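This report walks through the interfaces of one structure, first within a chain, then between chains. Where do the parts touch, and what do they place there?

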Amino acid sequence: MIPNSFQYHRPDSVDAAVALLTQYGDEARPLAGGHSLIPMMKLRMADVQHLVDLQAIGSLKGIAVAGGTVTIGAMTTQHELINDAALAKAVPLIREASLQIADPQVRYAGTLGGNVANGDPGNDMPGLMQCLDAVYTLSGPDGAREVAARDFYEAAYFTAREDNELLVSVRFDAPKGGYAYEKQKRKIGDYATAAAAVLIEKSGGKCTSASIAMTNLADTPVWCAAASEALVGSSLDDAAIGAAVAAMKSAIDPQEDNRGPVEFKTHVAGVVLARAISRAASRA
Amino acid sequence: MGKMHIKLTVNGKEEELLAEPRELLIHVLREELGITGPHIGCETSHCGACTVDMNGKSVKSCTVFAAQANGAEITTIEGLGNPDGLHVLQEMFKEHHGLQCGFCTPGMITRAYRFLQENPDPTEEEVRFGMSGNLCRCTGYQNIVKAILAAAAEMNAAKEAAQ
Amino acid sequence: MNEMTPPKEERSAALKGLGCSRKRVEDARFTQGKGNYVDDIKMPGMLFGDFVRSPYAHARVKSINADKAKALPGVIAVLTAADLAPLNLHWMPTLAGDKQMVLADGKVLFQGQEVAFVVATDRYVAADAVELVEVEYEELPVIVDPFKALAKDATVLREDLEGNMEGAHGPRRHHNHIFTWEQGDKEATEKVLGSAEVVAEEMVFYHRTHPCPIETCGCVASMDKVNGKLTVWGTFQAPHAVRTVASLISGIAEHNIRIISPDIGGGFGNKVGVYPGYICAIVASIVTGVPVKWVEDRMENLMATAFARDYWMKGKIAATKDGRITGLWCHTTADHGAFDACADPSKFPAGFMNICTGSYDIPTAYLAVDGVYTNKAPGGVAYRCSFRVTEAAYFIERMIEVLAIELGMDAAELRAKNFIRKEQFPYQSALGWEYDSGDYHTAWDKALKAVGYEDLRKEQAQRIADFKAGKTRKLLGIGLTHFTEIVGAGPVKNCDILGLGMFDSCEIRIHPTGSAIARLGTISQGQGHATTFAQILASEIGIPADDITLEEGDTDTAPYGLGTYGSRSTPVAGAATAMAGRKIRAKAQMIAAYLLEVHDGDVEWEVDRFVVKGAPERFKTMKEIAFAAYNQAIPGIEPGLEAVSYYDPPNMTYPFGAYICVMEIDVDTGEHEIRQFYALDDCGTRINPMIIEGQVHGGATEGYAIAMGQEIAYDEIGNVKTGTLMDFFLPTAWETPHYITDHTVTPSPHHPIGAKGVGESPNVGSVPAFSNAVHDAFRAFGLRQAHMPHDHWRIWKIANDLGLHG
């Protein structure tokens with residue numbers, strides 16, 4: 001498996017990177033950890049003439065937790081997400097989910113920005129970011145703009161990012177209450193058969209707010225407003241969980257693959273969601 | 001396309017070479033520098049046979065371009081020990097029969113080296129999770145896990161003795 | 001006795017001979033990254049070959065245009081079938097008596113088939129050139145189902161065989177049919193079935209999978225035109241056989257061919273066959289006059305080289321009401337893909353499938369196997385198994401479970417009731433084998449006791465009650481297996497590959513200072529031969545194992561042998577080693593007697609020396625004898641101390657074992673957890689317990705993968721769906737269970753040291769243990785048979801079909 005030739009660029013600033021992306025248009029691709037893109041290039045399924053490596057742009061690194069707001073640079077790796085004490089305290093959901101991505105070597109390389117920007121429905125972070133209601137900051141030739149994670153994904157590998165834009169950071173408010181990331185996969189290193197990210201707040205035994213997002217069950221992550229609403233006001237009993245699962249199932253659109261047929265995936269999606277809700281509720 | 005000038009520090013030695021940007025790090029090491037310890041097993045970043053230590057992280061060198069590695073500091077199995085002084089992991093893999101065909105072994109030991117730097121006193125479960133980026137087809141992992149736990153114990157004992 | 005002489009036991013231990021968990025001598029180089037695998041070989045001027053492969057499973061090749069590829073700087077040549085045809089190398093014989101296209105000759109028959117071979121100055125240029133070769137295809141109807149392949153109006157796959165209804169193994173009854181192989185007594189078996197009190201019937205499918213060693217296949221071919229010598233380094237499990245085949249098909253005299261197997265990164269049967277890549281690299285080296293390397297990538301490995309299994313086994317088993325088995329009937333449909341490229345002994349087109357009566361005393365049996373062509377990759381090889389033993393073991397161990405269900409009987413009890421009894425050995429099976437030795441009841445009782453079988457059944461009963469009461473969603477499965485293998489192929493009278501008898505060999509040279517080198521016709525791929533064969537020798541000739549170098553894999557230096565697969569190394573080459581050692585000892589005895597000035601019969605062997613009978617203070621050590629062999633003129637005895645032995649085994653060996661798997665199953669997700677895995681192996685005399693245990697761990701892990709998720713799957717138009725390690729299941733340390741190993745020792749009566757071989761037992765035995773655990777978990781809910789692999793969705797489907805999802 002040998003990739004095609006390309007020209008390599010290693011800009012040292014966001015502006016320089018954006019300039020390269022602008023200059024080369026759809027012939028260019030930003031390179032973060034590369035563990036999605038490089039295998040595709042080796043299989044010659046991705047044709048890239050200009051590779052814009054972001055590793056030298058220091059401003060894309062880092063995790064800031066301040067005043068209840070979390071800001072994470074796009075080039076922050078999953079390994080760094082797992083090992084950041086402040087983040088683990090503020091948003092333990094991130095650590096719980098990150099540990100379920102790929103394998104140790106890949107987590108040293110794989111970045112939050114790459115995972116959310118690639119648009120691969122198998123990636124875990126997009127659903128997680130929708131669950132957290134994160135906002136992505138994109139830098140382009142005309143400056144920066146923000147797009148909500150819940151508005152970012154259009155179809156598999158199609159996102160709101162323009163070819164000449166760079167996703168530079170992700171921002172969200174540290175959630176309150178309970179959390180859970182439940183993922184079923186065939187083995188370490190696999191994408192999810194089904195995965196659910198859940199946040200729940202409770203007060204006086206009742207659910208006061210909920211957020212639910214599903215991974216690898218459609219060509220984009222699926223944030224399920226109806227499923228979340230089914231929980232709010234309930235005591236998170238079986239009936240409410242059943243209603244949330246039913247609402248989720250009508251929002252997803254899984255496809256058959258080696259992990260199994262649609263019927264199985266739909267069923268498993270319900271199981272992982274119910275488990276995630278229970279676990280999140282127990283932590284709320 | 002043209003070749004680019006690449007500088008690497010490999011096992012403490014500075015290396016300079018010309019390579020196409022697309023050349024994979026595993027090929028740079030194996031073909032250009034003659035460092036054949038790391039192997040190619042799957043080519044899609046699943047098996048870990050090509051694992052090397054780059055800038056203090058375990059990486060799968062089949063999924064890193066030469067251009068990306070430019071300027072990096074790399075340690076391979078060849079840099080962990082030598083015939084006159086094996087690394088304790090190398091000793092323990094021998095002692096506990098942690099290898100059979102030997103093809104995955106360099107990547108396995110190189111990964112274990114970094115894992116124990118980060119988690120010097122792991123449980124069996126932590127070893128299995130920490131080594132889950134490396135596939136072995138011969139051993140069923142049981143003796144690999146045993147070897148790594150034994151190496152951790154040895155290294156900790158040596159550390160204590162030194163203090 | 002000399003005061004300085006340590007006691008016998010101490011001297012014996014110092015040899016590190018039989019029974020010693022000696023550390024491996026191979027490990028120093030492997031742990032330091034100094035192994036020498038085929039892709040590590042680099043030669044001046046070496047070129048790289050890469051294949052253009054078919055994207056279609058069945059298509060006519062209308063044209064191949066390599067002009068653009070040839071124009072790419074660095075491309076030296078592009079070979080097609082048209083280039084190979086004048087050399088008559090566009091087709092090659094398979095080890096199964098069929099023939100296989102080296103490069104597409106007019107059509108392609110499976111996805112990934114080799115169409116053209118690009119030779120370039122480096123692998124990057126070669127890969128670029130592959131993209132530039134333009135091939136025009138005309139798609140043809142695709143057959144991936146072996147039963148559909150035999151339909152009257154099915155498309156003809158092998159046009160080269162049209163009109164030729166006499167195959168390598170008898171008549172072909174259909175244009176997509178390869179052979180029919182029958183064993184046992186059909187009429188008698190049908191009679192037993194017709195009058196039996198109970199008959200259980202089931203279709204048992206062992207799916208297509210792949211050995212997938214962590215190193216793929218490859219070679220470096222180097223034609224030295226000056227000396228007329230061809231050297232090929234490659235991933236060969238049988239280097240001598242490759243030399244002979246290469247000579248026969250290339251016309252190069254055999255003495256001018258040197259085949260070298262360097263270190264091999266696992267084989268498991270994948271590296272027995274001869275592949276188009278080897279032929280093309282050799283031709284390319286002959287054409288260019290420089291060395292040519294070909295190494296397949298992982299996708300090519302999974303798509304094109306040597307799959308395993310793909311057996312549809314229809315079974316009927318007859319018994320009395322109280323569970324005494326009276327007859328077994330099996331009809332197997334064997335899917336070989338586009339070419340029959342299995343690597344079985346030639347008189348056994350379905351390998352040793354006729355071991356399918358297993359560990360049981362079944363008086364009457366009949367087996368028929370029909371081989372069939374489909375549009376899938378050619379094979380199928382023995383994936384860590386002795387020629388279809390694993391299919392046979394899976395078949396009988398499933399049939400036993402199905403019979404237990406039919407009888408309403410405990411499956412452990414049913415097995416014990418029907419085991420061949422200890423006193424029945426040597427045992428003649430109804431399908432023609434003579435089992436050498438066994439003690440199944442002892443092993444079985446030990447295994448049941450070790451896992452606490454009765455308590456497990458009680459726990460399971462409680463679990464079922466809890467499940468039915470809605471208290472749990474997890475079921476408990478207890479997977480039982482008692483397997484009997486047949487390994488060590490084999491006696492030359494009935495075992496050959498391409499006419500080469502399946503003996504093996506060992507040659508020993510003792511050096512003047514008392515150390516030694518031994519060379520064998522086998523080749524280790526991780527089994528640790530350099531460690532264990534030296535141990536056999538140490539015990540035979542009294543030279544410490546640490547003082548014996550062991551060499552394999554170079555046909556210029558090693559004696560002729562048939563290689564390593566089918567657990568044959570210890571039973572055959574191990575025996576040759578012991579026998580060669582005994583020849584050394586016989587000569588040493590004469591030398592010792594001469595030196596001690598007594599008759600030959602007056603000295604006796606003691607650990608590492610010959611001692612004068614009745615005078616223990618008078619002796620000569622092997623070290624002293626060795627020196628004398630080189631420095632003294634001994635009347636009537638040639639100088640030197642060397643021996644060679646070619647060993648033709650009188651029988652196969654029959655290792656056996658009892659494996660038990662305890663598995664938790666999540667009914668709602670189809671996930672599982674292995675709570676316990678117990679493996680008791682009886683491989684006869686144990687040479688190195690540490691290595692045996694390692695073999696069991698590794699083989700059981702392969703079995704775990706096969707049973708629980710690993711498959712080569714095709715869609716209906718012949719696309720491979722499992723071409724990378726994302727989808728082809730190789731478990732990591734995280735998923736892999738922990739194993740408890742145990743043993744009994746029932747030596748082989750005919751093997752010089754009583755050893756039977758163990759490498760493949762854990763694959764053979766663990767697959768039914770894992771699969772039976774899945775079945776057992778659902779037995780109370782009415783499950784009889786569900787095909788492997790038992791991945792999440794298929795287990796979920798079992799539960800769903802049984803109505804367990806409410």
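The count between domain 1 of chain C and domain 2 of chain C is 3 salt bridges. This is a predicted model. One salt bridge joins the side chains of Arg258(C) and Asp554(C), at 2.5 Å from N to O. By class, the domain 1 side that touches domain 2 of chain C holds 7 nonpolar, 8 polar and 3 charged residues.

**Domains of chain C**

The assignment for chain C gives domain 1 as 8-33 + 504-647, domain 2 as 38-140 + 216-264 + 272-295, and domain 3 as 308-489 + 652-801. The C-alpha centres of domains 1 and 2 of chain C lie 41 Å apart. Contact involves 18 residues of domain 1 of chain C and 18 residues of domain 2 of chain C. Together these two domains bury about 1400 Å², with 51% of it on carbon and sulfur atoms. On the domain 1 side, Gln525(C), Thr555(C) and Tyr560(C) lose the most area to domain 2 of chain C, together 39% of what that side buries.

**Domains of chain B**

Chain B is assigned domain 1 (4-80) and domain 2 (88-162). Their C-alpha centres are 22 Å apart. The contact takes 20 residues from domain 1 of chain B and 13 residues from domain 2 of chain B. About 1300 Å² is buried between domain 1 and domain 2 of chain B, 60% of it on carbon and sulfur atoms. His39(B), Ile77(B) and Leu80(B) supply 36% of the area that domain 1 of chain B buries here, more than any other three residues.

The rule finds 1 salt bridge across this interface of chain B. Asp53(B) and Arg114(B) meet through their side chains in a salt bridge of 2.8 Å, N to O. The count of residue pairs in polar contact between the two domains of chain B is 7 (both at pLDDT 80 or more). On the domain 1 side of chain B, β3 (51-54), β4 (57-60) and α3 (77-80) each supply at least two residues. By class, that side has 7 nonpolar, 10 polar and 3 charged residues.

**Chain C against chain B**

Here 55 residues of chain C are in contact with 49 residues of chain B. The buried area is about 4400 Å², of which carbon and sulfur atoms give 55%. In chain C, Thr31(C), Tyr124(C) and Ile214(C) lose the most area to chain B, together 18% of what that side buries.

Between chain C and chain B the count is 6 salt bridges. Asp40(C) and Arg30(B) meet through their side chains in a salt bridge, 2.7 Å from N to O. Which elements of chain C give two or more residues to the side that touches chain B? They are α2 (27-31), α5 (123-132) and α18 (689-708). Of the side facing chain B, α18(C) gives the most, with 9 residues. By class, this side of chain C has 22 nonpolar, 19 polar and 14 charged residues.

**Buried areas in one view**

| Interface | Buried area | Share on carbon and sulfur |
|---|---|---|
| Chain C and chain B | about 4400 Å² | 55% |
| Domains 1 and 2 of chain C | about 1400 Å² | 51% |
| Domains 1 and 2 of chain B | about 1300 Å² | 60% |

Methods. Residues are numbered from 1 along each chain as its sequence is written. Chains are lettered from A and ligands numbered from 1 in the order in which they are written. This is a predicted model: local features need pLDDT of at least 70, side-chain atom pairs count only at pLDDT 80 or more; totals for chains, interfaces and linings use all residues. Side-chain values use heavy atoms; hydrogens and water are left out. Contact means heavy atoms within 4.5 Å. Buried area is the accessible area (1.4 Å probe) that two parts lose on being put together, summed over both. A salt bridge is a side-chain nitrogen of Lys or Arg within 4 Å of a carboxyl oxygen of Asp or Glu. Helices (H or I, at least four residues) and strands (E, at least two) are DSSP runs, numbered from the N terminus. Ala, Val, Leu, Ile, Met, Phe, Trp, Tyr, Cys and Pro count as nonpolar, Asp, Glu, Lys and Arg as charged, and the others, Gly among them, as polar. Domain bounds come from an automatic or database domain assignment. A polar contact is a pair of N or O atoms within 3.5 Å; within protein, one must be able to donate a hydrogen and the other to accept it, and residues adjacent in sequence count only if both atoms are side-chain atoms.
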